[in-house]
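Got the sequence and the model open? Let's take a friendly walk through what can be read from it.

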Amino acid sequence: MTTLKTTPLNAAHRAMGAKMVDFGGWDMPVNYGSQIDEHHQVRNDCGMFDVSHMRVVDMKGEGVRAFLRYLLANNADKLTLPGKALYSTMLLESGGVIDDLIVYFMNENWFRIVVNAGTADKDIAWMKKQASLHAPQLDITDHPELAMIAVQGPNARAKVWDALPGSRELTEGLIPFSAVEMGTMFIARTGYTGEDGFEIMIPAKAAPFFWATLAENGVKPIGLGARDTLRLEAGMNLYGQDMDESVGPLESGLAWTVDLKSERDFIGKAALLANPPASKLVGLVLLDRGVLRAHQTVHTAHGDGEITSGSYSPTLEKSIALARMPVNVAIGDTVQVNIRDKMLNAQVVKYPFARNGKAVISSS
Amino acid sequence: MSNPSNLKYTASHEWVKTESDGTVSIGITQHAQELLGDMVFVEAPAVGRSLKAKEECAVVESVKAAADVYAPVSGTVTAINGDLDSSPEAINNEPYSAWIFKMKPDNAADIDALLDAAAYQAVVDSEEH
């Protein structure tokens with residue numbers, strides 16, 4: 001048996017009654033009680049997530065921007081204000097997705113990147129290899145010693161301000177999708193739930209005290225189970241499920257994150273231009289009773305598709321999914337999902353399904 | 001919550017209660033519902049269906065996962081619990097009241113051969129260690 005990796009908050013989770021699971025090699029809380037209650041807690045009030053398994057990577061030196069312009073499918077030139085963040089994919093030459101990430105522009109000599117836990121080592125190796133070829137002067141350093149706590153929900157910012165003296169003055173004017181440093185902490189107005197809130201990086205040693213302080217201020221801990229249903233309702237992709245190295249961003253609902261207009265070259269661009277997408281990602285709402293799950297086959301008049309993420313939506317009280325489908329499938333179509341050899345009806349919808357506490361689903 | 005001593009159990013985490021009319025009610029145990037988490041959907045077998053012991057015959061789905069429910073003995077389905085269509089969470093709240101289906105065993109003596117509460121607890125303990 002291999003030893004699971006732990007975050008600095010492992011003991012805190014156990015003390016709070018978390019059910020711990022092996023999450024890609026990490027010992028993480030899946031829930032602390034009812035996963036559905038935790039989901040509603042975030043949509044209606046606020047909750048906190050331990051996302052310390054994600055990895056922070058700093059790129060420093062002259063010419064970081066020029067390197068990122070080539071490394072990422074989204075265009076780092078969109079980042080003009082210090083602190084501003086950009087969501088992007090990082091592609092192979094084939095156009096397949098190595099990972100999705102957030103890059104923060106701090107100054108011309110420092111960009112900070114947050115990557116997924118399961119892909120972190122692969123990502124950093126790729127970044128270093130590309131830098132050795134195109135920007136050997138750069139210093140690329142990852143920070144596994146940084147913990148990360150996401151506080152999300154309509155009341156999340158106010159709760160953080162209560163818990164963290166001085167943070168209000170610093171972050172009240174912070175626009176969505178941007179970040180600011182506060183001492184050894186890094187506070188970003190970002191998240192993975194479709195709600196307002198912060199993602200806060202903090203040195204590992206200080207994380208348990210901050211977590212406890214948030215709890216004392218009434219912030220409930222939320223497990224990775226609710227994190228998954230929240231992000232699915234918000235229509236946010238999960239790497240390894242909704243996209244991976246075998247598909248491109250245009251087939252993963254991420255065309256909005258790929259800049260093909262500017263003249264700049266980037267890794268994967270030639271492949272994206274040469275190969276029009278063979279499929280697309282759409283939302284599904286199950287019309288019959290049951291639960292949509294990843295890998296179920298979807299039958300359509302235009303050929304078969306496959307569910308990439310599916311679950312029960314606590315906000316809609318229906319089952320919802322993201323599905324990779326033939327390009328001619330249209331919003332509003334009724335399709336059939338094979339669930340245990342029964343054909344159940346589902347409607348193709350435009351996602352997100354829910355954001356800011358409300359259902360926002362659209363079938364037209 | 002301990003496992004009621006008046007019920008019988010299977011190693012696949014069903015509980016079996018003998019009713020006064022000779023049928024048996026079947027549900028899933030406290031341990032099983034705790035592993036699965038919040039229930040959102042229950043698919044019961046059709047009334048009148050003939051089942052073999054250990055046959056997959058129902059499905060319970062939580063937010064997290066789907067799990068098969070197995071017939072504890074051979075017999076015929078006589079009733080299903082329609083309340084679970086609108087309130088699947090009853091399985092989480094009261095696992096030993098929220099029956100999923102009832103069946104008439106082909107051979108009543110088969111029930112006696114199932115696990116008692118202590119033997120079932122030993123199965124749970126062995127899975128946890």
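## Ground rules

This is a predicted model, in which local features need pLDDT of at least 70, side-chain atom pairs count only at pLDDT 80 or more, and totals for chains, interfaces and linings use all residues. Residues are numbered from 1 along each chain as its sequence is written, while chains are lettered from A and ligands numbered from 1 in the order in which they are written.

Helices (H or I, at least four residues) and strands (E, at least two) are DSSP runs, numbered from the N terminus.

## The core

Let's start inside. The largest nonpolar core holds 131 residues, and Val103(A), Ile149(A), Val151(A) and Leu284(A) have the most contacts within it. Strand S6 of chain A (residues 97-107) gives the most to this core: seven residues. Such a core is a set of buried Ala, Val, Leu, Ile, Met, Phe, Trp, Tyr and Cys residues joined through C-beta atoms within 7 Å. "Buried" means that 20 or more other C-beta atoms lie within 10 Å of a residue's own, "exposed" means 12 or fewer, and "partly exposed" is in between, with C-beta atoms placed from the backbone.

What does Ile149(A) touch, leaving out residues up to four places away in sequence? Its partners are Met48(A), Asp50(A), Ile200(A), Ile202(A), Ala207(A), Phe210(A) and Trp211(A). Contact here means C-beta atoms, placed from the backbone, within 7 Å.

## Helix H7

Ala207(A), Phe210(A) and Trp211(A) turn up again in helix H7 of chain A (residues 207-216), where they are buried along with Leu214(A).

After H7(A) comes Gly218(A), with a positive phi near 90 degrees.

## Helices H2 and H8

In H2(A), the buried residues are Gln35(A), Ile36(A), Glu38(A), His39(A), Val42(A) and Arg43(A). They line one face of the helix, because they fall within an arc of 160 degrees seen down the axis of H2(A). They pack against strands S2 (26-31), S3 (47-50) and S9 (146-152) and against H8 of chain A.

H8(A) is mostly covered, with eight of its 10 residues buried. Its cover includes S2, H2, S3, S16, S17 and strand S20 (354-355) of chain A. Gly235(A) follows H8(A) and has a positive phi, near 70 degrees.

## The barrel

In chain A, six strands form a closed barrel in the order S14-S17-S16-S15-S18-S19, with antiparallel pairing. Strands count as paired if DSSP finds at least two bridges between them. S18(A) (residues 334-339) and S19(A) (residues 342-349) are joined by six bridges, and Gln336(A) has Asn345(A) as its bridge partner.

## Where the chains meet

How many residues does each chain bring to the contact? Chain A brings 13 residues and chain B nine. On the chain A side, H2 (35-44), H8 and S16 each supply at least two residues.

Within chain B, strand S8 (residues 75-80) pairs antiparallel with S5 (residues 50-51) through two bridges, and with S9 (residues 101-105) through five.

Terms used
Contact = placed C-beta atoms within 7 Å. Arc of directions from axis to C-beta.
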